[in-house]
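Thanks, everyone. Let me put the model on the screen, and then we go through ring pairs and helix packing.

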Amino acid sequence: MALNNTYDARLPQQETIVGAGVQLLLLALLGTAIGMGPAGWLTGLAFAIATWAVLTRALRRSQPRSFGPANRVTLGRAILVGGVTALVADSFQSSPPVSLLVGLTAVALILDGVDGKVARRTGTSSALGARFDMEVDAFLILVLSVYVAMSLGPWVLLIGTMRYAFVAAARVLPWLNAALPPSMARKTVAALQGIVLLVAGAGILPREATVGAVLLALASLVWSFGRDITWLWRQGGRKDVEEVRQAVAGRPEPVRRPAAAVAARSEG
């Protein structure tokens, strides 16, 4: 039984190696097609190595019997995001073909609605798959915000960094780690970020309209995070602050544990 378990544990990790190989192949194709410079190559390689390392570590910890069809779709999206990342990094030296950047991004965004459906239909939903999907989404939004910020200004980076700021804050404020209830509004706002940034990066709208659309996306994201943070504060934040206040006053109370270890924030 132990030998079988060890064998099964290795199979999903082999798929991450295949994914890294496909990522290198995509970078080679992009490099040949557009003459990608050192910045694009190095950034793309760093993305491929980091994705392989993090995913391999996660698989070792969760020990799934198989990688699963939904995770394969997400891995395909991650490979496309790696290509977009390389193109954006290369754009600091020379502008990549907008059609190529938009095409890779569009496919990655479309597939975002596929992996979840595949997981539900095949009964392979998992915490690992949900986290993998969330991280790919968040990083794509970050990369797109960097690209759009080069033309509209650094304020656009607020869209890409907001989710990472939330995660960083949760390390200091444990009550932010509680599980959030499912929300269609949260999912809609998250999807809106990618679509708006894609349109802004494509440059198909007048500058004024592009700025307005990105501002609207940013405002909706601030509202979504604000609503969730308010809910988390009402559920546990006020109690945590009260415990600290009473402890400082010399009347310590039992420490209350957070309801869950990982926040359910999926916005970019």
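Start with tryptophan 175. With a relative accessibility of 13%, tryptophan 175 counts as buried. The cut-offs: buried is under 20% relative accessible area, exposed is over 50%, and partly exposed is in between, with a 1.4 Å probe and protein chains only.

Some ground rules. This is a predicted model, where local features need pLDDT of at least 70, side-chain atom pairs count only at pLDDT 80 or more, and totals for chains, interfaces and linings use all residues. Residues are numbered from 1 along each chain as its sequence is written, and side-chain values use heavy atoms, with hydrogens and water left out.

Now, aromatic pairs. Rings of Phe, Tyr and Trp (its six-membered ring) pair if their centres lie within 6.5 Å; planes under 30 degrees apart are stacked, over 60 edge-to-face, the rest tilted. By this rule there are 3 aromatic pairs. One of them joins phenylalanine 47 and phenylalanine 139: centres 5.4 Å apart, planes at 40°, so tilted. Phenylalanine 47 sits in helix α2 (residues 38-62) and phenylalanine 139 in helix α5, so the pair ties together parts 92 residues apart in sequence. Helices here are DSSP runs (H or I, at least four residues), numbered from the N terminus. Phenylalanine 47 is buried, at 13% relative accessible area. Phenylalanine 139 is partly exposed, at 27%.

Back to tryptophan 175. Its ring centre is 5.5 Å from that of tryptophan 233, with the planes at 70°, so this pair is edge-to-face. Tryptophan 175 is in the loop between α6 (157-172) and α7 (184-202), and tryptophan 233 is in helix α8 (residues 207-248), 58 residues away. Tryptophan 233 is partly exposed, at 33% relative accessible area.

Next, helix packing. How do α5 and α6 pack? Their axes are 7 Å apart, at an angle of about 150°. That makes α5 roughly antiparallel to α6. Axes are lines fitted to C-alpha atoms, for helices over the stretch in contact, with angles from 0 to 180 degrees between N-to-C directions. Roughly antiparallel means over 145 degrees. Phenylalanine 139 turns up again: Phe139 is among the α5 residues that meet α6. Contact means heavy atoms within 4.5 Å.

Last one: α4 (residues 98-122) and α5 (residues 127-152). Their axes come within 11 Å and cross at roughly 155°. Therefore α4 and α5 are roughly antiparallel too. Leu101 and Leu109 are among the α4 residues in this contact, and Leu140 and Leu144 among those of α5.

That's it. Over to you.

Definitions and conventions:
Helix = DSSP H or I, 4+ residues; strand = E, 2+ residues; numbered from the N terminus. Parallel < 35°, antiparallel > 145°, perpendicular 65-115°, else oblique.
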